[in-house]
Amino acid sequence: MTAKIKPIIRCLILGILAGIAIGLGGVAYIACAVKNQTVLGSIFFSVGLLMVCGFSLNLYTGKIGFIFEKKPYPFLDLLIMYLGNVIGALLIGTITFYAFGQNSDLINQAYTIASSRLFALNDFQSYLSSLLTSFLCGILVFLAVYSYKNISINFLKIVIVILCVAAFVISGFQHCIANMTYFASAKIWSWQSLVNIVVTTIGNSLGSLFIYSLFLIINKLKEANYDQ
């Protein structure tokens, strides 16, 4: 195995693990939603991002906001980890579908959640809604990861991650990797689900990059004040 291939394989595996982590969080949310415990489910969902942060896994939505911090910009790494996220999320969703059975309460709930993400391809308002809710999700995911990276008090950064994740889940904001798990768990695959993934990926990316830009401006202004 050449030296160039090893980093690619490592990036992919860490991406698959991140997709699995988010997928497991998504299934935990579905299980709680079956019992009408959506608030509790939103908290359990945070297990996924906590594992991603704690084990330094490659989650696309957790990395995209920091892309301009490295030169050369790791576009290829992002594509590889995104592919890994897709594999991991679909794996957990597919296992869930066959583990619980098509007519189980959990799969029925997964179908309800997944079908709520679908929209008519000629409905502009649905596109806009998915884009904006995923944009807001991207902001919260970035804030969660940024807090985990920069806060030194372990308890505080864990609490912030949990609250950020719970906030976007309970608000109905859309996360592209989580949606993949929902679609796979419900076995809903169509052009509508594919378009949803594309739109929510764009929205998550823009939200993360937007909030990173604001932090960058703040830091530049601080540096300018120090230089005066």
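Student: What volume does the largest cavity have?

Tutor: Start with the general idea. Rolling a probe the size of a water molecule over the atoms shows where empty space is left. In this predicted model, the largest cavity has a volume of about 30 Å³.

Student: How many cavities of 30 Å³ or more does the structure hold?

Tutor: One.

Student: Which residues line the largest cavity?

Tutor: The lining consists of Ile22, Phe45, Leu49, Leu59, Val141, Val165, Phe168 and His175. By class, seven are nonpolar, one is polar and none is charged.

Student: Now the open space. What is the volume of the largest pocket?

Tutor: About 580 Å³. The lining of this pocket has 24 residues, and the closest to the pocket centre are Asn58, Lys63, Lys70, Met81 and Lys149.

Student: Which elements give two or more residues to the lining of the largest pocket?

Tutor: They are helix H1 (5-34), H2, helix H3 (60-63), helix H4 (75-100) and helix H6 (124-150). H1 gives the most, with five residues.

Student: How does the lining of the largest pocket divide by class?

Tutor: Into 15 nonpolar, three polar and six charged residues. Recall the largest cavity, whose lining has no charged residues.

Student: On to the cysteines. How many disulfides does the count come to?

Tutor: First, the idea. A disulfide is a covalent bond between the sulfur atoms of two cysteines. The cut-off used here is 2.5 Å between the sulfurs. By this rule, the count is zero.

Student: Is Cys11 buried or exposed?

Tutor: Buried, with a relative accessible area of 7%. The cut-off for buried is under 20%. Cys137 also counts as buried, because its relative accessibility is 0%.

Student: Last one. Where is Thr181 found?

Tutor: In helix H8, residues 176-186.

Student: Why does Thr181 count as buried?

Tutor: Because its relative accessibility is 0%.

Student: Which residues is Thr181 in contact with, leaving aside its neighbours within four places in sequence?

Tutor: Gly23, Val27, Ala89 and Gly93. Of these, Gly23 and Val27 fall within the range of H1 (5-34), while Ala89 and Gly93 fall within that of H4 (75-100).

Methods
Residues numbered from 1 in each chain as written. Predicted model: local features only at pLDDT ≥ 70, side-chain atom pairs only at ≥ 80, totals over all residues. Heavy atoms only, no water. 1 Å grid on protein atoms, 1.4 Å probe; cavity = no way out; pocket = protein on both sides within 12 Å on 5 of 7 lines; lining within 4 Å. Points joined across faces, edges and corners; volume = space filled by probe spheres on them. Nonpolar A, V, L, I, M, F, W, Y, C, P; charged D, E, K, R; others polar. Buried < 20%, exposed > 50% of the residue type's maximum accessible area, 1.4 Å probe, protein only. Helix = DSSP H or I, 4+ residues; strand = E, 2+ residues; numbered from the N terminus. Contact = heavy atoms within 4.5 Å.
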